[in-house]
Amino acid sequence: MPRTYKISFVNTLAVLLIIILSGCQSNKSREASKDMNGMDMSQTKGNTQNINLSSLLKPTNGFVISSIPTTTISTIEIRPTINALGRIAYDTRQIGVISSRVEGRIDKLYISYRYQKIRKGQKIMDIYSPEILTNEENLLFLLKNDPSNTSLIKASKERLQLSGMSNSQLQQIISSHKPINAITIFSNYDGHIHEAGMDNNNMISSTTGMLKDLSLTTEPLSIREGMYVQKGQEIFSIYNPAKAWVLLNIYSDNQEAVKFGNVVHIICETAPGKDFDGKIEFIEPFYRKDSKTLTVRIPFDNSALQIPIGSQVKATISASVRKATVLPASSVVSLGLDRIVFRKENDGFKAQKVSVGDTYNNRIEILSGLSIRDSVAVNAQFLMDSESFIKINE
């Protein structure tokens, strides 16, 4: 082949190679101008022209570039609600005591078993007492031998009445002119009878609501006919189930919001359809044994509801109205123990730790961490990076 043809052929190959390389470089430039979704970055240049290089170099778990809507904290009046658990218990203010006013022997016992229902005026026991018998004979002697001595007769009658003798028994002695061997003790209360010293409120576990010792409820009475009692000895206690109260357990994070007089809605788990409302009338100023919760009391009339004592209840407490600084709930993200918002800062958003309080109507109370001048992202979840942890400055 002549030399001139060889030179011409080499030059043609060189021109073709230059054209091919130029096309490849052009394609790479176009690809580089597109983002991961295939969009031409030249079309969005105007949206990022105000973002400086220092913002772009910040880590995504501490600083996020975005133009989503923002909001600021506002002050509103809220009435937070608090959920609590508890149980029904006897109102200890309504407990009656049956005691012996004299020393003597139980001749007749009219009570057969624990928790027996009794009425006011019902017979409880007959007690034989030598002291009572002596006072009766003194009264009969005065009536027979010195009926004009009204002062001594009156004093003798009062002595018998103070010993527990009823007016009907006293009139029986005067009319029959014979002493009564035993006086009858009557109940002054309505309710369920318990042996003295057996507190049903303490028998029920505060955590499970079950009786701590079932044997105490199935054993017979320890009081027997023929037993002797001392003067002033408490023999029986009478609990009135018609007058009860609700004992609610309040955890530490809600104790500041619970106040005297708060309205409470009670739902009883063992009595569906018997919901009722009450008011907090007492907040116990101490923690009960083996408990980390504060106890509040809501008395109520149980005569119509007939809810069993010891029943488990759920309650909703309506706390007092107060002013609070709030943000939309969507602006706050939970990181477990911490809560954060994304505060607007220059070209983007920075994670900011906040302390929160109650949630009310899809708004969450901000206790600290922000000022009224700070703007935060309305939807904080939108700025979360699913592949990295949020970094916050304490």
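User: Before going into detail, what percentage of the 394 residues of the protein count as buried?

Analyst: Of the 394 residues, 36% count as buried, and please keep in mind that this is a predicted model. The protein has seven helices and 24 strands. Among contacts with a separation of 6 or more, 75% come from residues 24 or more positions apart.

User: How should I read a sheet, and in what order do the four strands of the open sheet run?

Analyst: A general point comes before the case: in a regular strand the side chains alternate between the two faces of the sheet. Here the four strands of the open sheet follow the order E5-E12-E10-E7, with antiparallel pairing. Strand E5 (96-99) and strand E7 (117-118) are the edge strands, each of them pairing on one side only.

User: How many bridges join E5 and strand E12, and which residue of E12 is the bridge partner of Val97?

Analyst: E5 pairs with strand E12 (residues 234-239) in the antiparallel sense over four bridges, and the bridge partner of Val97 in E12 is Ser237. E10 and E12 likewise pair in the antiparallel sense, over four bridges, with Ile193 standing opposite Ile238 in E12.

User: How many of the five residues of strand E10 are buried?

Analyst: A residue counts as buried when its relative accessible area is under 20%. In strand E10 (residues 191-195), four of the five residues are buried, so E10 is largely enclosed by the rest of the structure.

User: Turning to the helices, at what angle do H4 and H5 pack, and why is that called oblique?

Analyst: Helix H4 (residues 150-162) and helix H5 (residues 167-176) pack at an angle of about 135 degrees, with their axes 10 Å apart, and that makes H4 oblique to H5. H4 passes H5 in a right-handed crossing. The contact is made by Lys157, Leu160 and Gln161 of H4 together with Asn167, Leu170 and Ile174 of H5, and these residues divide into three nonpolar, two polar and one charged.

User: Is Asn135 buried or exposed, and which residues is Asn135 in contact with, leaving aside its neighbours within four places in sequence?

Analyst: Asn135, which is found in helix H3 (residues 130-145), counts as buried because its relative accessibility is 10%. Leaving aside its neighbours within four places in sequence, Asn135 is in contact with Ser156, Arg159, Leu160 and Ser163. Leu160 is also one of the H4 residues that make the contact with H5.

User: How do I read a backbone phi value, and what is phi of His177 near?

Analyst: Most residues other than glycine have a negative phi. Phi of His177 is near 55 degrees, a positive value in a residue other than glycine. His177 is found in the loop between H5 and strand E9 (182-186), and His177 is exposed, with a relative accessible area of 59%.

User: Where does Asp290 lie, and what is its phi?

Analyst: Asp290 lies in the loop between strand E16 (282-287) and strand E17 (294-301). Although Asp290 is not a glycine, it has a positive phi of about 60 degrees. Asp290 is exposed, its relative accessible area being 74%.

Notes:
Residues are numbered from 1 along each chain as its sequence is written. This is a predicted model: local features need pLDDT of at least 70, side-chain atom pairs count only at pLDDT 80 or more; totals for chains, interfaces and linings use all residues. Side-chain values use heavy atoms; hydrogens and water are left out. Axes are lines fitted to C-alpha atoms, for helices over the stretch in contact, and angles run from 0 to 180 degrees between N-to-C directions. Helices (H or I, at least four residues) and strands (E, at least two) are DSSP runs, numbered from the N terminus. Angles under 35 degrees count as roughly parallel, over 145 as roughly antiparallel, 65 to 115 as roughly perpendicular and the rest as oblique. A crossing is left-handed if the near helix is turned anticlockwise from the far one by less than a right angle, and right-handed if clockwise. Contact means heavy atoms within 4.5 Å. Ala, Val, Leu, Ile, Met, Phe, Trp, Tyr, Cys and Pro count as nonpolar, Asp, Glu, Lys and Arg as charged, and the others, Gly among them, as polar. Two strands pair if DSSP finds at least two bridges between them. Buried means under 20% relative accessible area, exposed over 50%, partly exposed in between (1.4 Å probe, protein chains only).
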